Amino acid sequence: MRGYRSGVVVIGAGIAGVACARELREAGVPVQIRERGRVAGGRMASRRFDGRPADLGAAYLTVSDPEFAEVVRGWQAAGLAHEWTDTFVAYDGGGRREVRGPMRWAAPRGLRSLVEHLARDLPVVVNRLVLGVGPGPTVDGEDCAAVVLAMPGPQAALLLDPELVAATEAVSRQRWSPTLAAVLRFPSRRWTDFRGAFVNDHSLLSLVCDDGDRRGDGAAVLVAHTTDTFATGHLAQPTAAGPEIEAAVRDLLALADRAEHVHVHRWTYAKPADHGGPDTGFHLDDDGIGLAGDAFGEPRVQTAWRSGRDLGRALARRLT
């Protein structure tokens, strides 16, 4: 590795960054993950309320890639993931209908636990804020063999030196939409059975999941995701949107009971709306800068994992 102190630096400990780092580690390439948050997970985020986890980011995962299926089976064998449902309901213009789809997987301890398991033997440094990525490449002035930015494009743009033209242009083409995720704990389960609900043509709601069913503990907890339009108007003060989200959920499900607790989480960059280019899977340029994540394909957990995996393999071929 020509004496680089840091080998490859991966910035971001979401599933794309961790998948990339695993490939590099298995190929014998020195790698370090730097994460600005307190824990790994990225948008596969979960948070504990009274000791119980609730998923605040991705609602579930689906599987079609054979290699990702092996990873998921490993999580299943470890008791970290289980098949949840292939049937959601959809609300359209006041009506409700069942919608069949692929099997959706959930995690009893929260989806974040899956990323943490994947990163269990990797060198992850949390609470590590990176200030800049420059030519060389360098991370905060430190020479590296390559740098991977595994994060939404608008966040990566804040770190990239303008001299890194190819990467700067790649992230500038990405377009992202926001959402608010609200965890609502009720005194009891009073809603008609459902696993998850797509809410179409609604001014506020886009998705509601029964977190007690998803988690498998039967808790009276719902998690609602808002439309990007509603979220855009509440990014400055997301907590203030709690009463409106609660009222919308109660109206949708005809609930008389008020929620005992409402927590609102802001996702400024929740979902790639347009990555601005072909589905290349990842970006890797001659400057040694790599970009990975679900912006390079369908907005799915599997897409992010595949993006990181494929970028890791491409870097390993270049560096070994």
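**View 1. N127 sits in the loop between β7 (124–125) and β8.** Strands are DSSP runs of E with at least two residues, and helices are runs of H or I with at least four residues, both numbered from the N terminus. This is a predicted model, in which local features need pLDDT of at least 70, side-chain atom pairs count only at pLDDT 80 or more, and totals for chains, interfaces and linings use all residues. Residues are numbered from 1 along each chain as its sequence is written, and side-chain values use heavy atoms, with hydrogens and water left out. The phi of N127 is near 55 degrees, a positive value in a residue other than glycine. Most residues other than glycine have a negative phi. Is N127 buried or exposed? With a relative accessibility of 54%, N127 counts as exposed; the cut-offs are under 20% relative accessible area for buried, over 50% for exposed, and partly exposed in between, using a 1.4 Å probe and protein chains only.

**View 2. A254 is found in the loop between α8 (242–253) and β16 (261–274).** Here, too, is a residue other than glycine with a positive phi, near 55 degrees. A254 has a relative accessible area of 66%, so it is exposed.

**View 3. G136 and P137 are joined by a cis peptide bond.** The omega of this bond is about -5 degrees. Most peptide bonds are trans. To find P137, look in the loop between β8 (133–134) and β9 (138–139).

**View 4. Helices α1 (residues 15–26) and α9 pack with their axes 7 Å apart.** Two packed helices are described by the angle between their axes and the distance between the axes. For α1 and α9 the angle is about 30 degrees; axes are lines fitted to C-alpha atoms, for helices over the stretch in contact, and angles run from 0 to 180 degrees between N-to-C directions. The two helices α1 and α9 are therefore roughly parallel to each other; angles under 35 degrees count as roughly parallel, over 145 as roughly antiparallel, 65 to 115 as roughly perpendicular and the rest as oblique. On the α1 side, I15, A16, A19, C20, E23 and L24 make the contact. Their partners on α9 include V301, A304, W305 and G308. Contact means heavy atoms within 4.5 Å.

**View 5. Helix α2 (residues 66–77) meets α9 at an angle of about 110 degrees.** The axes of α2 and α9 are 10 Å apart. That angle makes α2 roughly perpendicular to α9. Which residues of α2 make the contact? They are E67, F68 and V71, facing V301, Q302, W305, R309 and R313 of α9.

**View 6. Helix α9 covers residues 301–319.** Its 19 residues should span 27 Å at 1.5 Å a residue, and its end C-alpha atoms are 27 Å apart, which agrees; the expected span is 1.5 Å times one less than the number of residues. Of the 19 residues of α9, 14 are buried, so the helix is largely enclosed by the rest of the structure.

**View 7. L205 lies in strand β14 (residues 205–210).** With a relative accessible area of 0%, L205 is buried. Beyond the residues up to four places away in sequence, L205 touches V199, A224, H225, T226, T227, I245, A248, V249 and L252.

**View 8. T87 is found in strand β5 (residues 82–92).** A relative accessible area of 15% makes T87 buried. Not counting residues up to four places away in sequence, T87 touches E98, V99, R100, R104 and R195.

**View 9. A13 lies in the loop between β1 (8–11) and α1.** A13 is buried, with a relative accessible area of 0%. Leaving aside neighbours within four places in sequence, its contacts include V18, I33, E35 and A40.

**View 10. C144 is in no disulfide.** The structure holds 0 disulfides, a disulfide being a pair of cysteine sulfur atoms within 2.5 Å. For C144, the nearest cysteine sulfur is that of C20, 13 Å away. C144 counts as buried at 1% relative accessibility, and C209 counts as buried at 0%.
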